[in-house]
Amino acid sequence: MAGTGPEPVQGYQGTRRSLWLAYALLLLAGLGAILMNLAQVLDSKQVYLREADKANANLAYSIAQHGQESIKEADIILGGLVNLLERGESSPETINQLLVTYKQRASQLAGLFVYDAEGRWLYYTNPPPANDANNSDRAYFQHHLHSVSRDTEVSNPIRSRSTGEWILPVSRRFNDKDGRFAGVVLATIRIDHFREFYKHFDMGVQGSLLVAMNDGTIVYRRPETSGATGESMAGSYMFQSDLKRSPVGLGASISVLDGVDRIYAYRALDHFPLVVAVSMSRQEVLAEWGRKTAVVACLVAMLVLALILVGGGLATRMRKRMAAAQSIARENRELFRLANRDSLTGISNRRQFDQALQVEYHRAATVGSPLALVMIDVDFFKAYNDRYGHQAGDVCLKAVGDVLRRFKVRAGDTVARYGGEEFAVLLPHTDVAGARLVAERIRQAVYEQGLVHSGNPFGVVTVSVGAHSEVPAQDDRPEHLLEQADAALYRAKSGGRNRVCLAEPTP
């Protein structure tokens, strides 16, 4: 009996130790959950900031390209005028008419002007404010008067003397036959041109967009409630520090104009003394992250409480992990689908086509069924791009992709963008006659869309189509089908385009 007394105490203490150990394990699990989610929250914050930086950088690039092209067009006009004036072969009426024509074709221009060596108005699209008007006091005129450089000068924005609106002067010097200064040609770009173009960009309530000279003088800024045209931002961190390190970059600072904390991307133009910057409010960028963080914090708190009080939180956490795994699996499936789609046309891309060709060719060789390939090429597409621009070219390719998508009626068919302006349609269980029928319908459907193409002899966008069908043997290669269809396409193009050709029979 004496040896039985301590046993219940020891058992109680062991149970209590086990209980405390269980609580400690639950507490450690809860703390681990908190720390893990805290790391995820901090990482997701950086993701939001990186996405904002990427969006800012892309938009800054687009705005810089727009500004570069706007000034470049004016520069090309000025170069032609300088050449015309220095040759001295045109009458005043011809020059005035040419100025009017140039202004009508370049919507960004407020006016075109020619001043003599004394600053008097020689030729102009907008009448002078007075008969004795003189522009020799303008900074751009003084620059060309005292500099022998023939380079284009882009000056700080000023008020136009002829219209009173804000303008960005772009000017060049021209000489007389002895090489002496003979005057200045000037193209003025409307500041409203930038306002009209940039008003559609969505940068949030407190975001901003800036076009400025490289000395900090504002050309245009949005919002216009602070920082008007002609004011200076030379004291900002971007001009004081960022631009001195690199002409292109990212940054974050509090605005000297309105005190808003923003993250921004900036880019200096390649050939002209301008800088563009796009910024978003840090508060707006992280607003959604803050809401999600609050939600996550509440969930973690509830999870920890459940772990401590019940211990059933572990099962709940496992279910959440399973749900997260399912979500990741769904996202992976969606990413796989996107990876096999052409981003412009929405049809299959080259990668998906190559995979489908390997699979269908092997299947056709195994069962002894015909496999057809139709290759399509947009006629004179380079001429279309050169004439109408790359955005119109993208619209053209989308239209052709839409036509091809309508002809995909079977689950096994593959419609893909093969590359550039070339498309492919893979047709299992289809003989030569079927391939020819599909090819001709595609050619006719593209033609009937009636997309205007003045560089095409037919006046509209057309396609050349090559088709081939074969029953593969076990030792044949898929490349043979490709080569035959491509050869047929070549014959269609060399035979006059807007036609369908079949591959030549092989011996």
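This is a short chat about a predicted model and a few of its residues.

Visitor: Hi! What kind of model is this, and which residues count for local features?
Guide: This is a predicted model, where local features need pLDDT of at least 70, side-chain atom pairs count only at pLDDT 80 or more, and totals for chains, interfaces and linings use all residues. Residues are numbered from 1 along each chain as its sequence is written, and side-chain values use heavy atoms, with hydrogens and water left out.

Visitor: Thanks. Let's start with Asn135: where is it?
Guide: Asn135 sits in the loop between strand S2 (121–124) and H3. Helices (H or I, at least four residues) and strands (E, at least two) are DSSP runs, numbered from the N terminus.

Visitor: Is Asn135 buried or exposed?
Guide: Asn135 is buried, because its relative accessible area is 3%. Buried means under 20% relative accessible area, exposed over 50%, and partly exposed in between (1.4 Å probe, protein chains only).

Visitor: On to H3, then. Which of its residues are buried?
Guide: In helix H3 (residues 139–146), Tyr140, Phe141 and His144 are buried. Seen down the axis of H3, the buried residues fall within an arc of 100 degrees, so they line one face of the helix. That arc is taken from the directions from the helix axis to the C-beta atoms.

Visitor: What do they pack against?
Guide: Five strands: S1 (109–116), S3 (153–154), S4 (158–159), S5 (166–175) and S6 (181–190).

Visitor: And which exposed residues are on the face turned away?
Guide: Ala139 and His146 are the exposed residues there.

Visitor: New topic: where is Ala365, and what is it in contact with?
Guide: Ala365 belongs to helix H9 (residues 350–367). Leaving aside neighbours within four places in sequence, Ala365 is in contact with Pro472, Ala473 and Gln474. Ala365 and Val471 are 106 residues apart in sequence and 6.7 Å apart in space, C-alpha to C-alpha.

Visitor: Buried or exposed?
Guide: Ala365 is buried, with a relative accessible area of 11%.

Definitions and conventions:
Contact means heavy atoms within 4.5 Å.
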